[in-house]
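Trainee: Before we look at any single feature, could you show me how to read a structure like this one step by step?

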Amino acid sequence: MTPRIDEAASREAAEALAGARSVVALTGAGVSAESGVPTFRDAMTGLWARFDAQRLATREAFERDPALVSRWYDERRMRCAGCVPNAGHSALSSIERAITARGRSFTLLTQNVDRLHRRAGSERIVELHGSLFAWRCTATGKERDDLPMPLPCYPMPSEAGGLYRPGVVWFGEALPAEAVRRASLAAASCDLFLTIGTSSVVYPAAGFVETAASVGARIIEINPHPTPLSHLATWRFAAPSGELLPQLCARVCLE
Ligand code: BJW
């Protein structure tokens, strides 16, 4: 039987990670799958296999039916609050500590809105697609992450006469400018880039892998399934991140 993880490749990738000057990790929904948070596009278990994204995850949907969209996001917020970080999240936070303790640079770009990286102890996080825990006033743009769980009503009116909408980035909306600035800088100056648990189809996030490849960074991809950017990977591991990251972490922390 072919082993799930190629030991020699994993050793090489860990050596590259341990020796890198500047590391960037980009994560997607697959990293949280083993915590019980559904991905978006997986055929059987993905959120969008069961819900019509256009009805729920767009600004137009919110304007059309704010009660339905607010309730859907509030239910997801509660579900994520009940999930705990998995071995992959913990390994990434240990890798960050090991790398920064050696005076090297580490940046975690996440597309995830579940805040599980933060709860696992990661610190240098750039949230590209916002957060399920922040709600933004449509009148003032001010964000709050202390709203009661569950919300008292759907939609929830804001003090300024608007509504609270989920603080996530929907298709067609700009990503937070500061997040894009930090991510672009990190990707353009790294020498090792990990892309983990993302289908690599959503831009600009997927573009950071291309940026890193264009400046000659070595790429590690961790995903049970190939992606449109797998051809850029120096090492590709067809394994769940909750299995592969602890293995890399153990080797990096030993180096
Ligand atoms: C595992 C695993 C395990 C499973 N271990 N792995 C360039 C080209 C083409 C299009 C565009 C472009 N630039 C912009 C666009 C348009 C659009 C876009 O990308 N469209 C493409 C889809 C065609 N992008 C946008 O609209 C973005 N905005 C923008 O560009 O604005 C420009 C602008 C500028 C100025 C003014 C105005 C506008 C915004 C993108 C926002 C994305 N939002 C979402 C929803 C968030 C809200 C919510 O949560 O409901 O973000 S979409 C959804 O996809 C979510 C995710 O963060 C994102 C990425 O998904 P992800 O994380 O990759 O998940 P999946 O499910 O796709 O994949 C999971 C993977 O895990 C799979 O591969 C599995 O195999 C794997 N896996 N188990 C490891 N255990």
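Mentor: Let us begin with touching: a contact means that heavy atoms lie within 4.5 Å. This is a predicted model, in which local features need pLDDT of at least 70 and side-chain atom pairs count only at pLDDT 80 or more, while totals for chains, interfaces and linings use all residues. Residues are numbered from 1 along each chain as its sequence is written, and side-chain values use heavy atoms, with hydrogens and water left out.

Trainee: Which residues does Thr107 touch, not counting residues up to four places away in sequence?

Mentor: Leaving out those sequence neighbours, Thr107 touches Val23, Val24, Ala25, Arg124, Val126 and Ala186. Thr107 itself belongs to strand 2, residues 105-110, where helices (H or I, at least four residues) and strands (E, at least two) are DSSP runs numbered from the N terminus.

Trainee: Is Thr107 buried or exposed?

Mentor: Buried means under 20% relative accessible area, exposed means over 50%, and partly exposed lies in between, using a 1.4 Å probe and protein chains only. Thr107 counts as buried because its relative accessibility is 13%.

Trainee: Where is Ala239 placed, and why does it count as buried?

Mentor: Ala239 is in the loop between strand 10 (235-237) and helix 11 (241-254), and it counts as buried because its relative accessibility is 0%. Leaving out residues up to four places away in sequence, Ala239 touches Ile5, Ile222, Asn223, Pro224 and Leu244.

Trainee: How many residues surround the ligand?

Mentor: A residue is near a molecule if one of its heavy atoms lies within 4 Å of it. Here 35 residues surround the ligand, and the closest are Arg41, Tyr73, Thr198, Ser199 and Asn223.

Trainee: Which polar backbone atom is 2.7 Å from an oxygen atom of the ligand?

Mentor: That atom belongs to Phe40, and a polar backbone atom of Gly172 is 2.8 Å from an oxygen atom of the ligand. Taken alone the ligand exposes 1,500 Å², of which the protein buries 74%; such areas come from the Shrake-Rupley method with a 1.4 Å probe, and for residues only the protein chains shown count as cover.

Definitions and conventions:
A polar contact is a pair of N or O atoms within 3.5 Å; within protein, one must be able to donate a hydrogen and the other to accept it, and residues adjacent in sequence count only if both atoms are side-chain atoms.
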